[in-house]
Amino acid sequence: MSIILGIESSCDETAAAVVKDGQLLSSVISSQADIHAKYGGVMPEVASRLHVENIGVVLKETMEKAGLGYEMLDAIAFTRGPGLIGSLHAGCEAAKALALLFHKPLIPVHHLDGHIYANEFVDSLAFPLLAIVVSGGNTELVYMEGPLSFKIIGETKDDAVGESFDKVARVLGLPYPGGLPIDQHAKNGKAIYPLPSQKAHHIPGTDSYDYDFSYSGLKTAVLNFVENQRARGEDFSLDDLCASFQKAAIDPIVERSLLAAKQYKVKQVVLAGGVSANSYLREEAKKAFEGTGIRLTIPPLWCTTDNAAMIAKVGEKLFEAGVRCGLDIDVDPNWQIEDFLRF
């Protein structure tokens, strides 16, 4: 039995939410997407200043919607990392101030833990579990043997898949963030252009595969294709190129996820992170796991973007596990999910 306030400020969303006994009482998000769209990507300095401006208003609205006073909270959870250091500091300092003022325990939460546990708003989690974590800053396959147990079994060696969507969108003259416009154009096209898509490699002498990813080559291939077409004065179909890129980017995720799920004999697979909103990923994941006996959970769209409900959800579990931190806690923009209890 607990009431947890969650604060999220890892990138360009200022968010707060209250969870009581697993149920979401309120969730407020102030997005900066329209402002950063002018620059074609998130401007860290601008983002941190806007967090400072917005956090007070967001917190006030969150508590009013929950119908609670701060004195009724059991703890305050906040995103410690990973993320943009200035943005993280804004949320961290707000959480510290509230914890000090109202004498409440402080709980640091790993941002990606939040994305994974956001699935609990629509489905229970069954272990062992495989989480497909895909976002603007992360592309990871995370194995969970049990609750609050995280092991990275595959990750990107360069660009994250969401970052690649944004960069390709910029090359194609599409708006930021690039995930949605590419997805929309791809629905009207066909994957007819040859682009590099990495097949999973079997590791000799084992029953395992290399589950790591790489997207820098795919991003460069799209750039070279566009430049070559324009240099030759030849047209290309924007819809077909978006479909080709999307297929080349998403197919390796689905393939590796299915192989890993079978190798680790998981009961459930969950999608997590901003790119889990991609319609092609959702459709292909459903096809891949149909008939396997492995339960696939796909989060609702509101859970895919950054929000504080997921931070409060994890905060509740950490609170029950006795996890606390002092007011001398600092943020960690490079915090690894396997180190979520090291702070």
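User: What should I know about the model first?
Analyst: The model is predicted, so local features need pLDDT of at least 70 and side-chain atom pairs pLDDT 80 or more, whereas totals for chains, interfaces and linings use all residues. Residues are numbered from 1 along each chain as its sequence is written, and side-chain values use heavy atoms, leaving out hydrogens and water.

User: Is strand β4 buried or exposed?
Analyst: Seven of the seven residues of β4 (residues 75-81) are buried, so the strand is largely enclosed by the rest of the structure. Buried means under 20% relative accessible area with a 1.4 Å probe, protein chains only. Strands are DSSP runs of E, at least two residues long, and helices are runs of H or I of at least four, numbered from the N terminus.

User: In which sense does β1 pair with β4?
Analyst: Strand β1 (residues 3-8) pairs with β4 in the parallel sense, over four bridges; pairing requires at least two DSSP bridges between the strands. I7 has F78 in β4 as its bridge partner.

User: And how many bridges join β4 to β5?
Analyst: Five bridges join β4 to β5 (residues 106-110), and these strands run parallel.

User: Switching to helices, at what angle do α2 and α3 pack?
Analyst: Helix α2 (residues 44-66) and α3 pack at about 30 degrees, with axes 8 Å apart. That makes α2 roughly parallel to α3, a term for angles under 35 degrees.

User: Which residues of α2 meet α3?
Analyst: A47, S48, H51, V52, I55 and L59 in α2 meet G86, S87, A90, A94 and L98 in α3, where contact means heavy atoms within 4.5 Å.

Technical notes:
Buried < 20%, exposed > 50% of the residue type's maximum accessible area, 1.4 Å probe, protein only. Axes fitted to C-alpha atoms, helices over the stretch in contact; angles between N-to-C directions. Parallel < 35°, antiparallel > 145°, perpendicular 65-115°, else oblique.
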